[in-house]
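Subject: Structure handover

Hello,

Here is the structure I promised to pass on. Please look through it first, then read the notes below.

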Amino acid sequence: MSDVTKQEKKQVRVWADGCFDLAHFGHANSLRQAKKAGDYLIVGVHSDEEVLQNKGPPVMTEDERYKVIRAIKWVDEVVTAAPYVTQLETLDEYNCDFCVHGNDITLDADGKDTYRLVKDAGRYREVQRTAGISTTDVVGRMLLMTKTHHLPDAALSDNIEKVEDNSTSASCSTMRSPYTGISHFLPSTRKIVQFAEGKEPQPSDKIVYCPGSFDLFHVGHVDFLEQASKLGDYVIVGLHTDKEINRTENSNYPIMNLHERTLSVLANKYVSEVVIGAPYKVTQELLEHFNVDVVVRGKTSYNYAADSTDPYEIPKEMGIYHEVDSGNDMSTQKIVARIIANRIKFRERNQLKEAKELRNMKRMEEKRRQEELEEQGVDH
């Protein structure tokens, strides 16, 4: 027997950190890739004070952000109030081999790379950021809410219904930084496969079905799904279409389109499967197809189906309808209200963030040109 097989394989411990404000599938994808780089993933989440000092006011509180990150299925451990500039001492304290971050720019209050220390020490690895999504983008969508903002080319729509007029809208569409400007996520089957577990329910599993919009996936959703998961063994989330949410919310929702919401929900550790574009009315056919044992929803009110009937009529008649109290009154509407109420602060935050990124990009370009000139001087 070789020495390698005699000794237990060393566990590779990975560190990742961030604000994770309005945590979305882009954050989850970064953490998924970080977990793939090792065996055990520790995620440091910055405090409200650190975020405010280095980036601007966070939308979600530190406790809300801690809970959402703990619920991402690739995360093994969360460290609260992690330093904004990643320290070698932090990696050593948690026995992490290296730090992982996306290939975008993260700067501190002085405009310096927050990963400069671990980079200089050779304990930094980079993964591909998810194009088409960022917290700044999501904030921008809420500052310019329309019936079609979640669709490509939404700005060209003739039926834009704005929350505020053009003079105060802070749409972010004029930003030039590749890390801060609004773009549109392009869904693919590969991305869904990467997020999905692909685990089939066992014959003895109790199937729990949770329909809803799950827009702007937040801490309230996390608490609800945790409670729902206690009622069975295999949780299926049925996501309603964008058109259906537009109809039932009677407002400018959803913030996130169906594909974006699919990935956000799939990243949650309590969810086993997602039905993409589930009917608003829970049908007999759906219940039989997925062998559903219990249909679960929260204590919030809901609208009637398009045919003016109760969308939960069938599971109620079958005696399998159940309501749970998540103990959390957070909602997508409340998050939007936070943004709108503080729109000037968040607009300034987005603009300052972009300005720092542009200054850093300019410094990098000047450094590159200087290095090229020095190389040419050596050649001559």
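Where pLDDT is low, the predicted coordinates should not be read in detail. Over the chain, the mean pLDDT is 85, and 82% of the residues reach 70 or more.

This is a predicted model, in which local features need pLDDT of at least 70 and side-chain atom pairs count only at pLDDT 80 or more, while totals for chains, interfaces and linings use all residues. Residues are numbered from 1 along each chain as its sequence is written, and side-chain values use heavy atoms, with hydrogens and water left out.

Now the charged pairs. Side chains of opposite charge can pair when their charged atoms come close. Searching the whole structure gives 16 salt bridges, a salt bridge being a side-chain nitrogen of Lys or Arg within 4 Å of a carboxyl oxygen of Asp or Glu.

One of them joins Asp76 to Lys35, at 3.2 Å from N to O. This pair links distant parts of the chain, 41 residues apart: Lys35 is in helix 2 (residues 25-36), and Asp76 is in the loop between helix 4 (62-70) and strand 3 (77-80). Helices (H or I, at least four residues) and strands (E, at least two) are DSSP runs, numbered from the N terminus. Asp76 is partly exposed, at 36% relative accessible area; buried means under 20%, exposed over 50%, and partly exposed in between, with a 1.4 Å probe and protein chains only.

How close are the N and O atoms of Arg116 and Asp108? The closest are 3.2 Å apart, in a salt bridge. Asp108 is buried, with a relative accessible area of 5%, whereas Arg116 is partly exposed at 27%.

Lys334 and Asp329 form another salt bridge, 3.0 Å from N to O. Here Asp329 is exposed, at 58% relative accessible area, and Lys334 is partly exposed, at 36%. Elsewhere, salt bridges link Asp137, Arg141 and Glu260 in a network.

Last, Arg32. This residue also lies in helix 2, and counts as buried because its relative accessibility is 7%. Leaving out residues up to four places away in sequence, Arg32 touches Trp74, Lys191, Gln194 and Phe195.

Regards

Notes
Contact = heavy atoms within 4.5 Å. pLDDT = per-residue confidence, 0-100.
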